[in-house]
Amino acid sequence: MGANSFFFLLYLVAVGLLVTLHHTLFFGAAALILTLFSPKTAWRTFKAILFFNISVTLGYLFQLAVLHEGSWDFILLFNLRVFDITFLTLYVVPKLNVAEALSFSRTLQFLYLASLSQIGSFRRTYGDFVMALKSRTVKPLADREKRDFIGSMLYFFTKKALNQSKERAQALRARGFFDQAR
């Protein structure tokens with residue numbers, strides 16, 4: 001097992017522990033220790049999860065205040081868990097060559113690389129959509145036009161994902177991939 005595979009396995013074990021443990025003090029200590037590793041990554045992590053956590057936290061606070069259901073400990077535990085797992089991912093994964101770490105399984109390695117290919121394709125298409133919108137609009141869009149544009153993009157990406165998944169499944173089946181996976 002190479003160094004990449006070992007550290008990737010260690011990362012997966014750490015995430016598994018963070019998902020299964022339910023002790024607020026543990027998550028608080030983990031957040032503090034992780035922040036000491038890289039304050040810059042901690043700040044990036046905080047900014048990355050801020051809006052998601054605020055929306056979920058506000059929902060739980062509303063439930064706690066109005067319905068008197070839930071607990072403060074759960075809200076703190078939830079936010080610390082999201083921070084710790086996100087930080088660990090943002091800190092560790094860029095330092096690893098995940099394709100090399102998955103070299104023990106040709107199937108996992110192939111699926112990882114196919115996923116990266118799909119992400120790259122969608123990222124380029126999204127950039128094309130944004131540039132096309134900018135080149136065709138003179139004044140800022142109204143809220144309805146923004147919603148229509150986003151809705152059209154979501155429809156396009158959903159349709160594209162379904163079509164590409166069918167095509168890739170057929171290509172894999174033709175090459176005997178599913179025969180090997182059994």
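1. Residues 24 or more positions apart account for 75% of the contacts in the chain with a separation of 6 or more. Contact here means heavy atoms within 4.5 Å.

2. Some ground rules. This is a predicted model, in which local features need pLDDT of at least 70 and side-chain atom pairs count only at pLDDT 80 or more, while totals for chains, interfaces and linings use all residues. Numbering runs from 1 along each chain as its sequence is written, and side-chain values use heavy atoms, with hydrogens and water left out.

3. Overall fold. The chain has eight helices and zero strands. Along the sequence the pattern reads α-α-α-α-α-α-α-α. The radius of gyration is 21 Å, well over the 16 Å that the globule rule gives for 182 residues, so the chain is more spread out than a compact globule. That radius is taken over C-alpha atoms, and the rule is 2.2 Å times the number of residues to the power 0.38. Helices (H or I, at least four residues) and strands (E, at least two) are DSSP runs, numbered from the N terminus.

4. Extent and burial. The C-alpha atoms fill a box of roughly 55 × 50 × 35 Å, taken along the principal axes. Of the 182 residues, 29% count as buried. Buried means under 20% relative accessible area, exposed over 50%, and partly exposed in between (1.4 Å probe, protein chains only).

5. The core. The largest nonpolar core has 22 residues, and Phe8, Tyr11, Phe83 and Leu88 have the most contacts inside it. Two or more residues each come from H1, H2, helix H3 (39–66), H4 and helix H5 (98–101). H4 gives the most, with nine residues. A nonpolar core is a set of buried Ala, Val, Leu, Ile, Met, Phe, Trp, Tyr and Cys residues joined through side-chain atoms within 4.5 Å. In soluble globular proteins, nonpolar side chains tend to be buried together.

6. Leaving out residues up to four places away in sequence, Phe83 touches Ala31, Thr35, Ala42, Thr45, Phe46 and Ile49.

7. The largest pocket has a volume of about 390 Å³. Of its 16 lining residues, Ala14, Leu34, Phe37, Leu88 and Val92 are the closest to the centre. Helix H1 (3–20), helix H2 (24–37) and helix H4 (72–92) each give two or more residues to the lining. H1 gives the most, with six residues. On a 1 Å grid over the protein atoms alone, a pocket is an open set of points where a 1.4 Å probe fits, with protein on both sides within 12 Å along at least five of seven lines; lining residues have an atom within 4 Å of a point. Grid points are joined across faces, edges and corners, and the volume is the space filled by probe spheres set on them.

8. Lining by class. The pocket has 15 nonpolar, no polar and one charged residues in its lining.

9. Leu61 is in helix H3. At 26% relative accessibility, Leu61 counts as partly exposed. Beyond its neighbours up to four places away, Leu61 touches Trp72 and Ile75. Leu61 and Trp72 lie 11 residues apart in sequence and 8.3 Å apart C-alpha to C-alpha. Leu50 is also in helix H3, and counts as partly exposed at 28% relative accessibility.

10. A buried glutamine. Gln118 sits in helix H6 (residues 106–136). Gln118 counts as buried because its relative accessibility is 17%. Apart from neighbours within four places in sequence, Gln118 is in contact with Ala161, Gln164 and Arg168.

Key
Ala, Val, Leu, Ile, Met, Phe, Trp, Tyr, Cys and Pro count as nonpolar, Asp, Glu, Lys and Arg as charged, and the others, Gly among them, as polar.
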